[in-house]
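User: I would like to go through this model with you, starting with a charged side chain and moving on from there. Could you take my questions one at a time?

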Amino acid sequence: MANEHQSGIDYVLIYFKYIGEDERAVLSVYIKNLIQQGLKTLEEEIGEVLDNYVCIKIHAPDSVLESLAEVFKIALTKNNPHYKIQKIRWKWFANILTRPNEDDPIVRKGRANDTLSGKQPTSFTASERIYIVHRLLTSTTFGNLPGDKGFEALIKKRILLDAYPLHDSTYQWTEEGPLSDRQLLARYWASLRCFYNYQPLNLIEKHYGPEIGFYFAWMGFYIQLLIPAAILGLLCFFAGIVLYTLDTEFIQKEVCDSKQLICPVCPSVTTCDFVPLKNSCEKFKIAYVLENNITVDYSMLMIFWGVIFLISWRRKEAMLKMRWNIHQVPLDRVTRPQFIQQASLNRISSITGEKEYYFSIWHRILSYTLSYSVFSIIFVAYVIGLVVVKLFRLNFHHYGMRSSILKGHLETYEMFASSLLSVVIIYIFKLFKNRLCQKLTQWENPRTDAEFKMRYQIKAIIVSFGNTLFPVIYLAYFKGKFFTHPGDATQWSILGIGRSDVCPPSGCLVDLSVQLMMIMGVDNMVKIFKGTFLQYLSVRYNRSIRKYKGPKEFTRQWEEDFNLLPVGTNFLDDAYIDMAIQHGYMSLFLVAFPLAPVFSLVNSVLKMRFDAIRLLKRSRRVIPRYMTGIDQWNTVFQVITLLGAIANPLLITFGSNFVPRILYRSQNGNSLTGFINSTLSEFAVDDFPETRSLENVTTCLYFGRRYPPSHSRSYELTSDFWILIAVKSIIFICLENVCLLFSLFLNYVVPTIPRKVEIKMEYEQEVLREMRLRNNAI
């Protein structure tokens, strides 16, 4: 297959062979206007395999690209004074793209000299050419109406079928002849076999542009710093198991060998049964593995890890900006055609002096009110999802007690089943997330594409975080906190039903741990399925609906690319949101799940390589975008890290038995004998609103610190409860302030821009100042 970019093709326009005369006339006007702006159209070509489609090939001469680069304020790679070869010190983690070997047959035969030589490009890179041509194609008019502009409008009018830039060749490896960048990246980057190799960031940026380059640079850097965190997480987990084997006799005596009964959560014992305390034996053991001093120390260390990661990334980002010659983003203030079409008012701009379209204040208020109303409905849907899980647990418990198979390990089965149901509900909401956010943003109808993207991102972040973190936050901080005591009928009213959702005697930390494990584990499995099967099936389906028939191999690149999947405009937004949520699990709930960095490491490696495979093999070529880094996503990750500095101490103190255990040890000679009994309170069976006669059962236990039925203040909170609350509050304030102060200290001490970069930037400014002085003197 011919290398299309070497043949001078920068973009292609596809239309149906049998379009009408009117449509053909409009297309001719558009092509004529493109030619007037300096572009060239090569011969129109009918497909050999897709013989009902016609391709118009667009080429931009270098002279046109030079002038447009000045207009769009693009800093070209060939003019980069700081161009630098990517050097990888560790040869075990390098390949031919990151550490070329002269003895390699590819280098020796000169099959990819331009790419592997490491020399600075002397002409426009492919991503620069595509970016400039794309902007020209989207701004060229074809009619007199305000919305008659750009190929997207032609596609909407069904004059064009599609328009896209071409891949530089097939991704299939060839044993002879020159190799394209796509072939090299497919073999040495977009493959799971390269999971341990450093990424060829310079080549990725050259091929896809800065936006994609920064994304994969961030992913690679995140994975590097996750490796020590994951190793520490494994050590912490195994240390918890060792501590469990040394100091858990009290669990065996007080729980596993106990004959006491746990009170039913229903208001009546006629409909719910008592549960033996020994059924919670497994949960108590798991809770002890999680709630130990090493886990607490590790969670605090990971807070500092998050701060160090953000600072280190900012420094890495500054180095990449200098290496890729990106100091400012080309501003695109072009008004969206959709905005012009729907705007009913126009005026003369006080800034530009030109006519501009706008909406009335009442129209904007209505659109924002609609968006906020939908968000309120979404919040109600999340609450309904929690109620569904709650009702499922109650029914599972009710019928499970009557099953001889489930009864012995009912709590464990219930925990895993309810966690799996929560994951299913999360993924159901995920199906509608993108369309919902896109539709809400379209209703608001922002003026520019940049504003549209920003508003979409805000909505997507809110909806995604609410969907995935809502059930986890509920488990961590709210479940069981409003429960009073068994037999309290008020908690079974419509408004008080949330108070009836109680934690097991071992606490909610184990449930939270299983919930996180299920979410992160299912997420990994979904990524494997999507990366290996779903994308391939989508391409096959795309071919079938376009009635592809003929030889197995396409003879033209534009025909092959026509059947590939377009990369969605929100591809990177969704990718960053997934990583931000994953980072949130680690930062906010690490106490409950010390293995979160391990799951996160596996997930990140899979995601990075599958995203590379998707871009390179399963999708059309991405339209490059210029960014000065990951921009607003730095702020998102920083907010998550700072919230982690508050959430982890809160979970340690109020969401686990860590503080009560320390306090009990200090009061009982460093012994935990009797600790579990101290966390449980008695309830008289006769005090249930409805009861039935039970042999030898007069009292039952429930999780809480309340006076027994024989006390004058029966079922009221004990003084020990208030003392414990005070101690927890003091410890929380101390831990939180230590974390926040350390974070602020690191941010203040460590500069986000390396000193070497600052010196080079100051030198550049001085050189530019001297050049201006010379020009003025002339």
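**A buried glutamate and other features**

Analyst: In this predicted model, E205 is buried but takes part in no salt bridge, and K206, the nearest side chain of opposite charge, is 9.2 Å away.

User: Where is E205 found, and in which helix?

Analyst: E205 belongs to helix α8, which covers residues 201–208.

User: Which residues is E205 in contact with, leaving aside neighbours within four places in sequence?

Analyst: With those neighbours left aside, E205 is in contact with S127, P210, G213 and W324.

User: Now the salt bridges. How many does the count come to?

Analyst: The count comes to 21 salt bridges. In general, side chains of opposite charge can pair when their charged atoms come close. One of the pairs is E45 with R556, where the closest N and O atoms are 3.2 Å apart.

User: Which parts of the chain does that pair tie together?

Analyst: E45 is in strand β2 (residues 40–46) and R556 is in the loop between α17 (509–545) and α18 (557–562), so the pair ties together parts that are 511 residues apart in sequence.

User: Are E45 and R556 buried or exposed?

Analyst: Both E45 and R556 are buried. The two also belong to a network of salt bridges that links E45, E48, K57 and R556.

User: What about K479 and D511; how do their side chains meet?

Analyst: The side chains of K479 and D511 form a salt bridge, at 3.7 Å from N to O. This pair links distant parts of the chain, with K479 in the loop between α16 (449–477) and α17, and D511 in helix α17, 32 residues apart. K479 has a relative accessible area of 3% and is therefore buried. D511 also counts as buried, because its relative accessibility is 7%.

User: And D611 with K607: what is the N to O distance there?

Analyst: It is 3.5 Å, in a salt bridge between the side chains of D611 and K607. D611 and K607 are separated by about one helical turn, because they are 4 residues apart in helix α20 (residues 596–618). D611 and K607 are both buried.

User: Changing topic, which residues does UniProt list as "transmembrane region"?

Analyst: The UniProt entry, which is unreviewed, lists residues 215–244, 294–313, 365–392, 412–432, 460–478, 585–606, 626–647 and 721–750 under that name. Such annotations may be inferred rather than shown by experiment.

User: How much helix is there over residues 215–244?

Analyst: Residues 215–244 are 100% helix and 0% strand, and their end C-alpha atoms are 42 Å apart. Residues 626–647 are 73% helix and 0% strand, with the end C-alpha atoms 35 Å apart.

User: Which residues make the nonpolar surface patch?

Analyst: F379, V380, V383, I384, V387 and V388 make a nonpolar surface patch of about 470 Å². Among them, I384 is located in helix α14, which covers residues 361–400.

User: On to the backbone. What is the phi of K73?

Analyst: K73 has a positive phi of about 60°, although it is not a glycine. As background, most residues other than glycine have a negative phi. K73 is in the loop between α2 (62–71) and α3 (105–108), and it counts as exposed because its relative accessibility is 57%.

User: N325 has a positive phi as well. Is N325 buried or exposed?

Analyst: N325 is buried, with a relative accessible area of 8%. Its phi is about 60°, although N325 is not a glycine, and N325 lies in the loop between α12 (293–323) and α13 (337–342).

User: Where does L717 lie, and what is it in contact with?

Analyst: L717 lies in the loop between β10 (699–703) and α24 (719–749). Neighbours within four places in sequence aside, L717 is in contact with R705, R706, Y707 and W722. L717 and Y707 are 10 residues apart in sequence, and their C-alpha atoms are 6.5 Å apart in space. L717 is partly exposed, at a relative accessible area of 23%.

User: Finally, how many helices and strands does the protein chain have?

Analyst: The protein chain has 25 helices and 10 strands. Of its 778 residues, 52% count as buried. The accessible surface of the protein chain is about 37900 Å², and 60% of that belongs to carbon and sulfur atoms.

Technical notes. Residues are numbered from 1 along each chain as its sequence is written. This is a predicted model: local features need pLDDT of at least 70, side-chain atom pairs count only at pLDDT 80 or more; totals for chains, interfaces and linings use all residues. Side-chain values use heavy atoms; hydrogens and water are left out. Patches are made of residues with over 30% relative accessible area and no salt bridge: like charges are joined within 9 Å, nonpolar side chains (Val, Leu, Ile, Met, Phe, Trp, Tyr) within 5 Å. Accessible areas come from the Shrake-Rupley method with a 1.4 Å probe; for residues, only the protein chains shown count as cover. A salt bridge is a side-chain nitrogen of Lys or Arg within 4 Å of a carboxyl oxygen of Asp or Glu. Helices (H or I, at least four residues) and strands (E, at least two) are DSSP runs, numbered from the N terminus. Buried means under 20% relative accessible area, exposed over 50%, partly exposed in between (1.4 Å probe, protein chains only). Lys and Arg count as positive and Asp and Glu as negative; His and the chain ends are not counted. Contact means heavy atoms within 4.5 Å.
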